[in-house]
Amino acid sequence: MKIFLTGASSGVGQACYQLLSKEHTIIAPTSKQFDLGNFEDINKLDLSDIDCVINCAGVNPGSYQGWRNNQWDKQQKQVDVNFTGALLLVKQYARQRTQGQFVYMTSSNIDDPIAHNIFYTAAKHALRYSIN
């Protein structure tokens, strides 16, 4: 199976890479190579020969400052990567394939929100709602 995996540099994505790479071909670009916040790159992505897309990417810049003190561009990045870009990735995959698998990771923050993470949590929740 050929898998396109985002977020493989750390956390759950890294664990997925380590586990799945033993038996499957994994394409796992770094965020510098492929940024879910760059919608033009998503639109140019060729996923036509990919059997499964696994999205583990997630960003939460500046959240430690709280939602009132964090800079708007960091909050916009959270929405772009955690929701809009992830949803556009699904769209790109569906446009190029008649069948396949899409797996997405969200966050436990969805069920137990923390005020400091409001943009992150809202974006991950919106992704879960939209994909389901």
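Student: Is Lys-2 buried, partly exposed or exposed?

Tutor: Bear in mind that this is a predicted model. Buried means under 20% relative accessible area, and exposed means over 50%. Lys-2 has 24% relative accessibility, so Lys-2 is partly exposed.

Student: Which residue forms a salt bridge with Lys-2?

Tutor: Look for a carboxyl oxygen within 4 Å of the side-chain nitrogen. The closest N and O atoms of the pair are 2.6 Å apart. The partner of Lys-2 is Asp-49.

Student: How many residues apart are Asp-49 and Lys-2?

Tutor: Lys-2 sits in strand S1, residues 2–6. Asp-49 is in the loop between helix H2 (39–44) and strand S3 (52–55). The pair therefore links distant parts of the chain, and the separation is 47 residues.

Student: How many salt bridges does the whole structure have?

Tutor: The Asp-49 and Lys-2 pair is a salt bridge. A search of the whole structure gives the total. That total is four.

Student: Which residue pairs with Lys-77 in a salt bridge?

Tutor: The closest N and O atoms of this pair are 2.9 Å apart. Lys-77 lies in helix H3, residues 72–96, and its partner is in the loop between strand S2 (25–27) and H2, so the bridge ties together parts that are 42 residues apart in sequence. The partner is Asp-35.

Student: What is the relative accessible area of Asp-35, and what is that of Lys-77?

Tutor: Both residues count as partly exposed. For Asp-35 the value is 24%. For Lys-77 it is 28%.

Student: What is the N to O distance in the salt bridge of Arg-97 and Asp-51?

Tutor: A salt bridge needs the two atoms within 4 Å. The side chains of Arg-97 and Asp-51 meet in one. The N to O distance is 4.0 Å.

Student: Where in the chain is Asp-51?

Tutor: Its partner Arg-97 is in the loop between H3 and strand S4 (101–104). The two residues are 46 residues apart, and the pair links distant parts of the chain. Asp-51 itself is partly exposed, at 31% relative accessible area. Its place is the loop between H2 and S3.

Student: Which residues form a nonpolar patch on the surface?

Tutor: Patch residues need over 30% relative accessible area. One member, Ile-118, has 39% relative accessibility and counts as partly exposed. Ile-118 is in helix H4, residues 118–131. With about 290 Å² of accessible area together, the patch is formed by Trp-67, Ile-118 and Phe-119.

Student: How much space lies in the largest pocket?

Tutor: The largest pocket is lined by 25 residues. The closest to its centre are Thr-6, Gly-7, Cys-56, Ala-57 and Gly-58. Its space is about 430 Å³.

Student: Which element gives the largest share of the lining of the largest pocket?

Tutor: S1, helix H1 (11–20), H3 and H4 each supply at least two lining residues. The largest share is three residues. It comes from H1.

Student: How many of the lining residues of the largest pocket are charged?

Tutor: Sort the lining by residue class. Twelve are nonpolar and ten are polar. The number of charged residues is three.

Student: Is Asn-55 buried or exposed?

Tutor: Asn-55 is in strand S3. The cut-off for buried is under 20%. Asn-55 has 1% relative accessibility, so Asn-55 is buried.

Student: How far apart in space are Val-79 and Lys-2?

Tutor: Val-79 lies in helix H3. At 25% relative accessibility, Val-79 is partly exposed. Val-79 and Lys-2 are 77 residues apart in sequence. C-alpha to C-alpha, the distance in space is 28 Å.

Student: What separates the C-alpha atoms of Leu-20 and Met-1?

Tutor: Leu-20 lies in helix H1. Its relative accessible area is 21%, so Leu-20 is partly exposed. Along the chain, Leu-20 and Met-1 are 19 residues apart. Their C-alpha separation is 9.7 Å.

Terms used. Residues are numbered from 1 along each chain as its sequence is written. This is a predicted model: local features need pLDDT of at least 70, side-chain atom pairs count only at pLDDT 80 or more; totals for chains, interfaces and linings use all residues. Side-chain values use heavy atoms; hydrogens and water are left out. Patches are made of residues with over 30% relative accessible area and no salt bridge: like charges are joined within 9 Å, nonpolar side chains (Val, Leu, Ile, Met, Phe, Trp, Tyr) within 5 Å. Accessible areas come from the Shrake-Rupley method with a 1.4 Å probe; for residues, only the protein chains shown count as cover. Helices (H or I, at least four residues) and strands (E, at least two) are DSSP runs, numbered from the N terminus. Buried means under 20% relative accessible area, exposed over 50%, partly exposed in between (1.4 Å probe, protein chains only). On a 1 Å grid over the protein atoms alone, a cavity is a set of points where a 1.4 Å probe fits but cannot get out, and a pocket is an open set with protein on both sides within 12 Å along at least five of seven lines; lining residues have an atom within 4 Å of a point. Grid points are joined across faces, edges and corners, and a volume is the space filled by probe spheres set on the points. Ala, Val, Leu, Ile, Met, Phe, Trp, Tyr, Cys and Pro count as nonpolar, Asp, Glu, Lys and Arg as charged, and the others, Gly among them, as polar.
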